[in-house]
Amino acid sequence: MCEIKLYRELELNIKELRKILIETGIKKGLNHQETLKYSQKLDKLIFKQSLISKQ
């Protein structure tokens with residue numbers, strides 16, 4: 001049950017971070033340091049989510 005809650009929490013965080021990433025990319029460009037920082041954070045969250053779904 002705890003894994004389901006964690007998975008859903010990650011899902012919400014991914015959606016929010018994806019929105020921020022897109023907005024930053026549009027405003028500052030895709031190669032801007034801030035955009036890349038958000039992209040890396042998003043990759044980590046998606047990876048964590050995939051690990052949970054494999055269990």
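Two residues are in contact when heavy atoms of theirs lie within 4.5 Å. By that rule, and leaving aside neighbours within four places in sequence, Leu 42 is in contact with Ile 14, Leu 17, Arg 18 and Leu 21.

The structure is a predicted model, in which local features need pLDDT of at least 70 and side-chain atom pairs count only at pLDDT 80 or more, while totals for chains, interfaces and linings use all residues. Residues are numbered from 1 along each chain as its sequence is written, and side-chain values use heavy atoms, with hydrogens and water left out.

Helices are DSSP runs of H or I with at least four residues, strands are runs of E with at least two, and both are numbered from the N terminus. Helix H2 covers residues 33-54, and Leu 42 has its place in this helix. Is Leu 42 buried or exposed? Residues under 20% relative accessible area count as buried, those over 50% as exposed and those in between as partly exposed, with a 1.4 Å probe and protein chains only. Leu 42 has a relative accessible area of 6%, so it is buried.

In soluble globular proteins, nonpolar side chains tend to be buried together.

Thr 35 is found in helix H2. With a relative accessible area of 4%, Thr 35 is buried. Not counting residues up to four places away in sequence, Thr 35 touches Leu 21, Thr 24, Gly 25, Lys 28, Gly 29 and Leu 30. For Gly 29, the side chain of Thr 35 reaches the backbone oxygen at 2.9 Å.

Gln 49 is found in helix H2 too. Gln 49 has a relative accessible area of 13% and is therefore buried. Apart from neighbours within four places in sequence, Gln 49 is in contact with Tyr 7, Leu 10, Glu 11 and Ile 14.

How many salt bridges does a search of the whole structure find? The search finds one. A salt bridge is a side-chain nitrogen of Lys or Arg within 4 Å of a carboxyl oxygen of Asp or Glu. The side chains that meet in it are those of Lys 28 and Glu 34, at 2.4 Å from N to O. Lys 28 is partly exposed, with a relative accessible area of 44%. Glu 34 counts as partly exposed as well, at 23% relative accessibility.

**Residues with more accessible area**

Asn 13 lies in helix H1, Lys 44 lies in helix H2, and Gln 55 lies in the segment after H2. Asn 13 is partly exposed, whereas Lys 44 is exposed and Gln 55 is exposed. The table gives a value for each of these residues and the C-alpha separation from one other residue.

| Residue | Relative accessible area | C-alpha separation |
|---|---|---|
| Asn 13 | 37% | 9.7 Å from Ile 46 |
| Lys 44 | 58% | 9.7 Å from Ile 14 |
| Gln 55 | 66% | 16 Å from Leu 45 |

Along the chain, Asn 13 and Ile 46 are 33 residues apart, Lys 44 and Ile 14 are 30 residues apart, and Gln 55 and Leu 45 are 10 residues apart.

Conventions. Polar contact = N/O pair within 3.5 Å; in protein donor to acceptor, adjacent residues only side chain to side chain.
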